[in-house]
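Let's take a walk through this structure together, with the sequence at hand.

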Amino acid sequence: MDRIVDLDEAAVVLAGRAVGWRSAGLEVGPVTWRDAEAVWPQPLETDRARVRDPDSVGVAMVGPGEAELSVVLFRGGWADVDFFDGLDDWGPLPASDITSAVDFEARMDQWVSRVFGVCGGAR
């Protein structure tokens, strides 16, 4: 898989944003990593030191009314983004052609705002 996005930089984005998300009332889970070199099925790790060759980094959040957002960014420049905000509002969100951690940060802000109505830039 091509290395388009630096996942360590993306993890810094998540850590920086988590403070603001929590202060806005969201429950933010730990950052998870997947190691490309791990034996299938590849476990998710919360300790970056246990991952030699990361191919994804992710986070899950829960907000008011049981709204949920799950984001897994892959180093190849796409993400799996799924949300639930009630029985009539759920599913995947578009997440392709991500070019950098800065691009990922902007998209995270959009996804968080879309699902929770919270400004992603809150710090």
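What follows looks at one helix and then at some salt bridges.

This is a predicted model, in which local features need pLDDT of at least 70 and side-chain atom pairs count only at pLDDT 80 or more, while totals for chains, interfaces and linings use all residues. Residues are numbered from 1 along each chain as its sequence is written, and side-chain values use heavy atoms, with hydrogens and water left out.

Let's start with helix H2, residues 101-116; helices are DSSP runs of H or I with at least four residues, strands are E runs of at least two, and both are numbered from the N terminus. After H2 comes Gly-117, with a positive phi near 70°. Buried residues (under 20% relative accessible area, with exposed over 50% and partly exposed in between, using a 1.4 Å probe and protein chains only) in H2 include Phe-104, Glu-105 and Trp-111.

Now to the charged pairs: the structure holds ten salt bridges, each a side-chain nitrogen of Lys or Arg within 4 Å of a carboxyl oxygen of Asp or Glu. Glu-105 forms one with Arg-17, the closest N and O atoms being 3.4 Å apart. This pair links helix H2 to helix H1 across 88 residues, and Arg-17 is buried, at 6% relative accessible area.

Asp-8 pairs with Arg-48 in another salt bridge, with 2.8 Å between the closest N and O atoms. Asp-8 lies in helix H1 and Arg-48 in the loop between strands S3 and S4, so the pair ties together parts 40 residues apart in sequence.

Key:
Expected span 1.5 Å × (residues − 1).
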